Amino acid sequence: MKRIKKVAVLGSGVMGSGIACHFANIGLEVLMLDILPREMAPDETNPRVRNSMAQKALTATIKSKPAPLYDKKFASRITVGNFTDDMHRLKDYDWIIEVVVERLDIKQKVLAQVDEHRKAGSLVTTNTSGIPINMIAKGLSEDMRAHFCGTHFFNPPRYLRLFEIIPGPDTKPEVIDFFMDYGDRFLGKTTVLAKDTPAFIGNRIGVYAMAKVYQLTDELGLKIHTVDKLTGPALGRPKTGTFRLGDLVGHDTAAHVMTGVRENAPSDEQAAVMEIPQYFNFLLEKKFLGNKSGQGFYKKITGEDGKRQILGLNLKTLEYEASEREDVPSLKTAKQIDDLTLRVRALFKAEDKGGELVRRSLAGLFAYASNRIPEISDNLYSIDDALRAGFAWEMGPFQYWDAIGIQAGIEASEADGNTVADWVKEMLAAGNESFYKTEDGKLLYYDIDSKSYLEKPGASDFIILDRYRDRKPVYQNSEVTLHDINDGVLCLEFTSAHNSIGEGVLRGMEDCITLAEEGDWRGMVIGNNATNFSVGANLMMIAQLAYAQEFEELNMAVNLFQQSVMRCRYSSIPVIAATQGYVFGGGCETLMHCDGAAVAAESYIGLVEAGIGVIPGGGGTKEMALRASDQYFEGDVMIPTLIEKFKAIAMAQVSTSGWEGFNNGTLLKHRDKIVVNKDRNIAEAKEMAIAMADDGYVMPIKREDITVLGQGGMAALYAAANELKRGHYASDHDIKIARKIAHVLCGGPLSGTQKVSEQYLLDIEREAFLSLVGEQKTLERIQHMLQTNKPLRN
C-alpha cells in the first residue's frame, strides 16, 4: 500500500492546472512544471520569470469558475517550476503525472526525462484522452514501465467524477489495484478499469451518443435547442443536452475523438456515425469551436433592445437564428413525469419526432454498448459507471435498457438496422430479464463470462438507498422513508419534491427519532442519494399561509420546524447528517443541529433565507448566536466574531464546497467530517453514529448559558448593515432583514451582555421571522423564487 504525499504534475494547461488543484484539495504537496516562457531572454536567471508559464496558468485556473479549489487557501500547497530547472526534483515525488499536449512525440520526450530523474518504484502516469498507452510507454525503462499506466481525468477535474485507469503492456497488477482504490477513496472519483483501446470507455461511448444525436437531429429536421431539451434533464442528463455539451467540450476535441475512433477502430460497426457532418465541418473551418472560441452551435449576441440573446445554428442553412419553440408533444408529456424511469419509457414510446429521436438514439446506444464488450471492457457496469461519472448521466446505457425492458430495446434497435450483441439475447433466453438487480441490499450485475449475477465489486462500500427498497421500511409517510441500514443504525431519507422540508418531513423526523430512542437502535443518519440533500423549507406552504394571513398557523409551523431540528440534537441516540449538493436554508439548519455530519466535499451549504426576504427561522439564527458565544468563550474577539456570523446570514452566503462550510460557520471542525467521494457519505455517517454510540453517547444538556451582547452588539451590527447598503450590496428591504438578524443574534433589546437560553433565542427568532414573512416585498420574493428558482432583490 503506497502512501502518496507528494505529486508532480507535468504540464500546466487547463487540465494540468485543474488536476494540480484537485491534488491540493485532498491535502497533497504538489509540484507543477511547464516549459520556459518563449519570450524570455537567454540569460534570464530570475525564478519568477523562468516559472512564469506555470504560475500564470495556475493563477488563471484559481480565478476560473467553477472554482477548482475547495478553499482558495489550498493554493499554498502548489509550487510551480519548469522542465529545464526542476526535473531533478522528481526523485522526491511519489506520483508523477504527465499532462502535456496530446502529441505522442512530446509525451514520449517528457517521459524519457522523467525516467532519468524518478526514484525506482515511484508511480508515473499519463493523462491522455485517446493516445494508446502502449505507444507512449515504448522506450521507457523496465521499472518505469512496471509502474506506468494511463490515468484519464475528465475536465473539470474537481467536478467530473470519472477516473479511467488504463494499464500499459507491462504495468504491475498491484499498481492498477492501487489506483482503482486511491481514485475512489482519496480523489473522490468513480474509478473505471479501461482497456487500451481508442478513446477508452467514456469518450468511446459518449462521443458515439453525441454523434448519433447529431445525425438524427439533421435527419429529422429538429431544432438544436429542442434536441437539447429532449436529451437533457428529460433523459436524466445535464441541462447542456447534446449541442450545448458539444460547445462546452470543444468541437476540435470531439472531432479528434471521432476521427481517432474511425481511423483506429476499423472493426467498429458504427464507424459511419463518427463521420464529420457538413455542418460540423462548417464550425471547424470557421474556428467556431464552442465556448472556448465564443461561439459554436450557439452564439450570444446583444439585441437592439440591449438584452442578451442566444442564437442557435440552423443545421440546414448554417445561419444563426433566434430559438422558436417547436411543438413537441413528447417533451410536454415528459415534463409532467417526475420519476426518471417512467419518463424515459414515455419518451421512448412517443410517436412524434421527439419520441423518434429518443427511441432511435437509445436503440443505437444499446446496440453499440453491447458490442463494445469485451473490446473496451469485460463487464457492463464499467460502461455505465463511465457514462454516469464522465458525462453526468443519471443512467448508463444498460440502466436505460433495463428501464425500457430488454426485449423492447432489442426490437427497437433491430428495427433501426442495428445489431445487438449475441450475449444479450442469450441472457434473455436463459430467463434473465435485467442487467441489474438487488438482493438484500446488494447490487448484482449480469456477468457475461459466468452467465450469472455477481455482486458489483466495491458496491458494498457504499450505502445506496435504492438497494434497500425491496425491504419493508421501518417507518414511512408521504415525505420520508426510514431504512434499516444494518448494524443497529437507521437512515432517514427525505422523499419530498427536491427534498424540501414541510410538515411531512418534520413530523417524520420527530417520529423516527422517537422510534429509534424507544427501540434497540444505536443511532440514526439523516441522508439521501439525491443530487441535493435539501433545498430548504417548502416555500409554497409558507407562501400560501402568508397570502391567506394565517399567521397563527404559520407560528405553529415555524415552532414545529424549530422543535423538530432541536430533536436532532436533544435525543438519546446520536443523529448524524450525510449531505451532498445543495444544503440550503432548512436543510442547513437540520445539519447544524445534528450531533455530527459526514459532508460530501461537493456540498454547497448556507442559510439562504435572506434571499427570499426572511431570516432563518428553523433554529439557524439561534444556532449562529450559540456558536458565536462558544467562540467568545474560546477567546475570539466578540464584535468581529459577531459580525462574521451576521454577514453569513444577511448576505445569504453559500459555501462553494464542504470545506468552505467551516469558514461561514455552518460546519464545526471538532464534530464534522469532509468526505471526498459523495457516494461514501452515508456509510461514513453510519460509522460516526456507531462510534458515538460505542463511546457511550449521552444526550447533551439544553443550553442556558449563551452569551449575547444586547444593544451594544446591535449597534455594531447596524453599522455593518449600513456598510452593506453604502456598498450597494443591500436594498432597503435587505436592511430591514439585516436588523432583524441583528436583533436575534444579540438577544433582543437587552441593555448589555447577558446569558440566555436556546428557547429564548428560538422565541425571538420565530417572532422576527413572522414579522417579515407577511410583508409584500417578502411575498414578491417568494413568488419570484417559486417561478424562476432565482432570488429577487427589491
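Student: Where is P156 found in this structure?

Tutor: In this predicted model, P156 sits in the loop between strand 6 (148-153) and strand 7 (162-167).

Student: What kind of peptide bond runs from N155 to P156?

Tutor: Start with the general idea: most peptide bonds are trans. The bond from N155 to P156 is cis, with omega near 0 degrees. You can look for another case at I373 to P374, where the peptide bond is cis with omega near 10 degrees. P374 belongs to the loop between helix 16 (353-371) and helix 17 (380-390).

Student: Now the backbone angle phi. What is phi of A199, and what is phi of K287?

Tutor: As a rule, most residues other than glycine have a negative phi. Phi of A199 is near 65 degrees, a positive value. Phi of K287 is also positive, near 60 degrees. On the chain, A199 falls in the loop between strand 8 (190-193) and helix 9 (202-220), while K287 is in the loop between helix 13 (278-285) and strand 9 (298-302).

Student: Are these two residues, A199 and K287, buried or exposed?

Tutor: Use the cut-offs: under 20% relative accessible area is buried, and over 50% is exposed. A199 has 6%, so A199 is buried. K287 has 60%, so K287 counts as exposed.

Student: How should I read a nonpolar core, and how many residues has the largest one?

Tutor: The general idea is that nonpolar side chains tend to be buried together in soluble globular proteins. Here the largest nonpolar core has 121 residues. V9, F23, W95, M524, I526 and F646 have the most contacts inside that core. Apart from it lies another core, of 117 residues, with I133, I224, A234 and L331 among them.

Student: Let me pick W95. Which residues does W95 touch?

Tutor: Leaving out residues up to four places away in sequence, the contacts of W95 include I4, V7, F23, L123, F163, F179, Y182 and L187. K6, T125 and T151 are also among the residues that W95 touches.

Technical notes. Residues are numbered from 1 along each chain as its sequence is written. This is a predicted model: local features need pLDDT of at least 70, side-chain atom pairs count only at pLDDT 80 or more; totals for chains, interfaces and linings use all residues. Side-chain values use heavy atoms; hydrogens and water are left out. Helices (H or I, at least four residues) and strands (E, at least two) are DSSP runs, numbered from the N terminus. Buried means under 20% relative accessible area, exposed over 50%, partly exposed in between (1.4 Å probe, protein chains only). A nonpolar core is a set of buried Ala, Val, Leu, Ile, Met, Phe, Trp, Tyr and Cys residues joined through side-chain atoms within 4.5 Å. Contact means heavy atoms within 4.5 Å.
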